Amino acid sequence: MFTSLTLWGLFASAFISATLAPGGSEAVLAYLVNQGEWALLLLLLVATVGNTLGSLTSYLIGRVVHSHKTPEQLLSGRESRVLGWVERHGIWSLLLAWLPGIGDAIPLLAGWFRFPILFSTLLIFTGKFLRYSVVAGVTLGVLGAA
């Protein structure tokens with residue numbers, strides 16, 4: 001039961017971290033990797049799926065508000081610079097949806113621009129999986145050096 005709750009906690013943390021609410025899914029993942037009680041691939045997949053679904057929530061919001069708001073109205077502060085970047089790089093910008101601070105705006109704009117959902121999901125998942133893999137690798141590297 002505890003294992004199930006722990007994995008759901010990782011999933012929830014990752015999901016929340018991908019929405020506009022702040023979260024610390026990397027710290028949760030690092031802690032669980034450090035515990036060594038779960039398969040690394042399982043932890044990576046749970047975190048990645050949760051974080052990807054959180055980003056897809058932003059993507060869907062962007063699609064829904066398409067006819068009611070301009071991209072500029074969707075963004076605030078430093079996120080506004082992301083608009084030009086997404087316009088230049090298109091769907092490939094979703095590989096960087098994991099970036100702190102501006103990453104939340106990328107799926108939102110992808111939805112507004114109506115990028116294809118299946119390819120968008122694949123790119124978001126790929127970028128987030130690589131990010132969590134680096135977090136896990138650094139965690140294991142730090143542990144291996146100690």
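This is a predicted model: local features need pLDDT of at least 70, side-chain atom pairs count only at pLDDT 80 or more; totals for chains, interfaces and linings use all residues.
Local features need pLDDT of at least 70 and side-chain atom pairs count only at pLDDT 80 or more, while totals for chains, interfaces and linings use all residues. Residues are numbered from 1 along each chain as its sequence is written, and side-chain values use heavy atoms, with hydrogens and water left out.

Start with the helices. Helices here are DSSP runs (H or I, at least four residues), numbered from the N terminus. Two packed helices are described by the angle between their axes and the distance between the axes. Axes are lines fitted to C-alpha atoms over the stretch in contact, and angles run from 0 to 180 degrees between N-to-C directions.

Take α2 and α3. Helix α2 spans residues 25–35, and helix α3 spans residues 40–64. Their axes come within 10 Å and cross at roughly 165 degrees. That makes α2 roughly antiparallel to α3. The cut-offs are simple: under 35 degrees is roughly parallel, over 145 roughly antiparallel, 65 to 115 roughly perpendicular, and the rest oblique. The crossing of α2 and α3 is right-handed, meaning that the near helix is turned clockwise from the far one by less than a right angle. On the α2 side, the contact (heavy atoms within 4.5 Å) is made by Ser25, Leu29, Leu32 and Val33. On the α3 side, Leu40, Leu43, Leu44 and Asn51 take part. By class, this contact has six nonpolar, two polar and no charged residues. Nonpolar covers Ala, Val, Leu, Ile, Met, Phe, Trp, Tyr, Cys and Pro; charged covers Asp, Glu, Lys and Arg; the others, Gly among them, are polar.

Now move to α5 (residues 82–89) and α6 (residues 105–112). Their axes also come within 10 Å, but they cross at roughly 55 degrees. The two helices are therefore oblique to each other. α5 passes α6 in a right-handed crossing. Val82, Leu83, Trp85 and Val86 of α5 meet Ala105, Ile106 and Leu109 of α6. These residues divide into seven nonpolar, no polar and no charged.

Next comes charge. Side chains of opposite charge can pair when their charged atoms come close. A salt bridge is a side-chain nitrogen of Lys or Arg within 4 Å of a carboxyl oxygen of Asp or Glu. The whole structure has one. Glu26 pairs with Arg131, with the closest N and O atoms 3.1 Å apart. The pair links distant parts of the chain: Glu26 sits in α2, Arg131 in α7 (residues 117–145), 105 residues apart. Glu26 is partly exposed at 28% relative accessibility, whereas Arg131 is buried at 11%. Here buried means under 20% relative accessible area, exposed over 50%, and partly exposed in between (1.4 Å probe, protein chains only).

Leu40, in α3, is partly exposed at 34%. Beyond its neighbours within four places in sequence, Leu40 is in contact with Val33, Ala136 and Leu140. Ser55 is also in α3. Ser55 is buried, at 1% relative accessibility. Not counting residues up to four places away, Ser55 touches Ala18, Pro107, Ile124 and Lys128. Ser55 and Phe125 are 70 residues apart in sequence, yet 9.3 Å apart in space, C-alpha to C-alpha. Arg114 lies in the loop between α6 and α7. Its phi is near 60 degrees, a positive value in a residue other than glycine. Arg114 is partly exposed, at 40% relative accessibility.
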